[in-house]
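Below is a briefing on one protein chain and its ligand.

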Amino acid sequence: TNRVFSGAQPSGNMHLGNYLGAFRNWVRLQDDYECLYCVVDLHAITVWQEPAGLTHQIREAAAAYMAAGVDPARSILFNQSQVPAHSELAWIFNCVARLGWLNRMTQFKDKAGKNREKASVGLYIYPNLMAADILLYKATHVPVGEDQKQHLELTRDIAQKFNHDFGADLFPEVEPIIQDEGARVMSLRDGSKKMSKSDPSDYSRINLNDDADTIAQKIRKARTDSELIPETPDGLTGRAEATNLIGIYAALADMERTAVCADFAGKDFASFKAALTDLAVAKLAPVTEEMTRLMNDPAEIDAVLRKGAERAQALAAPIMAEVRAAVGLLG
Ligand code: ATP
Ligand code: MG
């Protein structure tokens, strides 16, 4: 079978980038694959999370998946820490992966910042846990954004080395499902940085729980340049912020950038932003409403996650037994 695994961190502020770059695509994949969609809370705690906030964020992440259209009857929707085998396999992978491999990970360098000595050890070995998330289910396909490509390469290296070291043909080769370029959403404040949950500026992103007024205000304040909308996307070269806004419009409207440019050619950003606001509000309002409804009754979310964890655990158990046997651990 072709099995998909993907996840997002419950680090707060689920945003438009997560929606266009991940959730919307996850929903489509449900037609062709057996899918596991995970709220990766153990990844989130690689940086500090207020405990009370984290509990809320975990539920909100699950609500965002469901509101975007992940169907817990078809896909396995679950929370990582509720299936302890993720941690167990990650430990084994900590002993398979090499320091040199992890030293090359650019996300660690970005997230740890200048004061690397103060970063958690968990942040450093995060890619090993991600490899465990995927391989625990022998997932064959992983939809990834640009930001996760390097981690997926590492997953392939770990699988290969495990198979080689233990003479076991246990883990499959994982194939990325690469998102198209348009699915990458950049910060509204800086077109060279991706839109991110952990960006300290709330004006850098559109959150999935922002109301219409907030969305309007953020788009109005979004950085642009003083030029007009060009006739073709060629005219966007070197204009990161303009490229981003056109790209967001195209993704939300399910249009090509070429068509968006043709529609708005010669207009200024004030009028383009007004149209973008209407579109964003129209597309996001149903998602926001459903998230709000779900968050009003956490019991429903908790039940979905409990059931999802049981199903995930059932898939993981025989694979974990194979791993233990291959390594020589007692069963
Ligand atoms: P954090 O800042 O805490 O890392 P994040 O915004 O990067 O949060 P993740 O939980 O790391 O979100 O990623 C969840 C999924 O969303 C991944 O599939 C990732 O590729 C995708 N994603 C994250 N940011 C963007 C973005 N700006 N554009 C498109 N896809 C994105
Ligand atoms: Mg991230």
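A compact globule of 331 residues would have a radius of gyration near 20 Å, and the chain has 21 Å, which agrees; the radius is taken over C-alpha atoms, and the globule rule is 2.2 Å times the number of residues to the power 0.38. This is a predicted model, in which local features need pLDDT of at least 70 and side-chain atom pairs count only at pLDDT 80 or more, while totals for chains, interfaces and linings use all residues. Residues are numbered from 1 along each chain as its sequence is written, with chains lettered from A and ligands numbered from 1 in the order in which they are written.

**Overall form**

- Along the principal axes, the C-alpha atoms of the chain fill a box of roughly 70 × 45 × 40 Å.
- The chain has 13 helices and five strands, which are DSSP runs numbered from the N terminus (helices: H or I, at least four residues; strands: E, at least two).

**Domains**

- The chain is divided into domain 1 (3-184 + 297-327) and domain 2 (209-292), with bounds from an automatic or database domain assignment.
- The C-alpha centres of domain 1 and domain 2 lie 30 Å apart.
- Ten residues from domain 1 and eight residues from domain 2 make the contact, where two residues count if their C-beta atoms, placed from the backbone, lie within 7 Å.
- On the side of domain 1 that touches domain 2, α1 (16-29) and α3 (51-68) are the elements giving two or more residues, and α3 gives the most, with five residues.
- By class, that side of domain 1 has eight nonpolar, one polar and one charged residues (nonpolar: Ala, Val, Leu, Ile, Met, Phe, Trp, Tyr, Cys and Pro; charged: Asp, Glu, Lys and Arg; polar: the others, Gly among them).

**Helices α10 and α11**

- Helix α10 (residues 240-253) packs against helix α11 (residues 257-264) at an angle of about 110 degrees, with axes 9 Å apart.
- That makes α10 roughly perpendicular to α11 (65 to 115 degrees).
- Ile246, Gly247, Tyr249 and Ala250 of α10 meet Arg257, Val260 and Cys261 of α11.
- The residues of this contact are five nonpolar, one polar and one charged.

**Ligand 1**

- Ligand 1 is surrounded by 19 residues, the closest being Ala8, Gly17, Gly21, Gly145 and Ser198 (C-beta atom, placed from the backbone, within 6 Å).
- α1 gives the most to this shell, with four residues.
- The shell around ligand 1 divides into six nonpolar, nine polar and four charged residues.

Methods. Axes are lines fitted to C-alpha atoms, for helices over the stretch in contact, and angles run from 0 to 180 degrees between N-to-C directions. Angles under 35 degrees count as roughly parallel, over 145 as roughly antiparallel, 65 to 115 as roughly perpendicular and the rest as oblique.
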